[in-house]
Amino acid sequence: MSKIVVTEFVSLDGVIEEPRWTFEFDRAAEGDTFKYDELFEAEALLLGRVTYEGFAAAWPNMGQDEFGQRMNSIEKYVVSSTLADEAATWGKTTVLRGDVVAEVTRLKNQPGGNLLVEGSAQLVQTLVAHDLVDEYRLMIFPIVLGAGKRMFPSSVPQPSTLAVTNSQTVGSGVVLLNLSAHGDTAR
């Protein structure tokens, strides 16, 4: 069984949209290691269409180092009702259509490693609402943006207790936070 790991750059008020605002902060070497480890521990990326299209436009031009090469070569699943197969050309990409929850549950139930979700606000909210997230790996930045897409939906079927499995403040106050979504560390 695969784990769904959501990784995000998050403001203090929960905004994850267009994270260019993170560039003004120093996330230190520990922050770089945090991002490196999660990518290299993943078996595949699970992305929404908007994030996929943005990554597909940028990452092929950034494949000079090990991280960029991994981003370009890792298997990708993109959730979309509008992306045509012939437009999904960034490496090995599979487009998931139809019932998002059923398709992601099917992927999750297959043997394998982590499915890493980056960005993809609408997809993340769907996964959260259906209790499909196993782990959160967050970089929380000391800024309040006031507006933008949020990581969590405005309502959930029931409260979720999360277990902090690791927490570290680095650089210019960036918090690296790992949470188990099911209140335990064994899942």
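This is a guided tour of the structure, taken selection by selection.

The model is predicted: local features require pLDDT of at least 70, side-chain atom pairs count only at pLDDT 80 or more, and totals for chains, interfaces and linings use all residues. Residues are numbered from 1 along each chain as its sequence is written, and side-chain values use heavy atoms, with hydrogens and water left out.

**The sheet**

Begin by displaying the strands. They form an open sheet of 8 strands in the order β4-β3-β2-β5-β1-β6-β8-β7, with mixed pairing. Two strands pair if DSSP finds at least two bridges between them. Helices (H or I, at least four residues) and strands (E, at least two) are DSSP runs, numbered from the N terminus. Select 93-96 and 163-170 to see the edge strands β4 and β7, each of which pairs on one side only. From one strand to the next, the twist averages 20 degrees.

**Strand β6**

Select β6 (135-141) next. Its 7 residues are all buried, 7 of the 7, so β6 is largely enclosed by the rest of the structure. Buried means under 20% relative accessible area, exposed over 50%, and partly exposed in between, with a 1.4 Å probe and protein chains only. Both faces are covered: E135, R137, M139 and F141 are buried on one side, and Y136, L138 and I140 on the other.

β1 runs parallel to β6 and is joined to it by 7 bridges; here V5 stands opposite E135. β8 runs antiparallel to β6, with 6 bridges between them, and the bridge partner of L138 in β8 is L177.

**The nonpolar cores**

A nonpolar core is a set of buried Ala, Val, Leu, Ile, Met, Phe, Trp, Tyr and Cys residues joined through side-chain atoms within 4.5 Å. Select I4, L46, V117, L127, Y136 and L138, which have the most contacts inside the largest core, a group of 27 residues. The elements giving two or more residues to this core include β1 (4-11), β2 (42-48), β5 (114-118) and α5 (121-129). The most comes from α5, with 5 residues.

Centre the view on V117. Leaving out residues up to four places away in sequence, V117 touches I4, V5, V6, T7, L46, L123, V124 and L127, where contact means heavy atoms within 4.5 Å. Another core lies apart from the largest one; it has 16 residues, among them L45, Y52, F55 and V95.

**Helices α1 and α3**

Select residues 28-41 for helix α1, which lies across β1, β2, β5, β6, β7 and β8 and runs at about 155 degrees to β6. Then select residues 66-73 for helix α3, which lies across β2, β3 and β5 at about 55 degrees to β3. Axes are lines fitted to C-alpha atoms, for helices over the stretch in contact, and angles run from 0 to 180 degrees between N-to-C directions.

How do α1 and α3 pack, by angle and by distance between their axes? The angle is about 35 degrees, and the axes are 10 Å apart. To inspect the contact, show K35, Y36, L39 and F40 of α1 together with E66, F67, R70 and M71 of α3.

**E38 within α1**

Select E38, which is in helix α1. E38 counts as buried because its relative accessibility is 3%. Beyond the residues up to four places away in sequence, E38 touches T7, L116 and R137.

S2 lies in the segment before β1 and is buried, with a relative accessible area of 5%. Its contacts outside four places in sequence are L107, K108, Q110, P111, G112, G113, L115 and D134. Draw a distance from S2 to G112: these residues are 110 apart along the chain, and their C-alpha atoms are separated by 5.1 Å.

Then select S155, in the loop between β6 and β7. Is S155 buried or exposed? S155 is exposed, with a relative accessible area of 54%. S155 and G112 are 43 residues apart in sequence and 31 Å apart in space, C-alpha to C-alpha.
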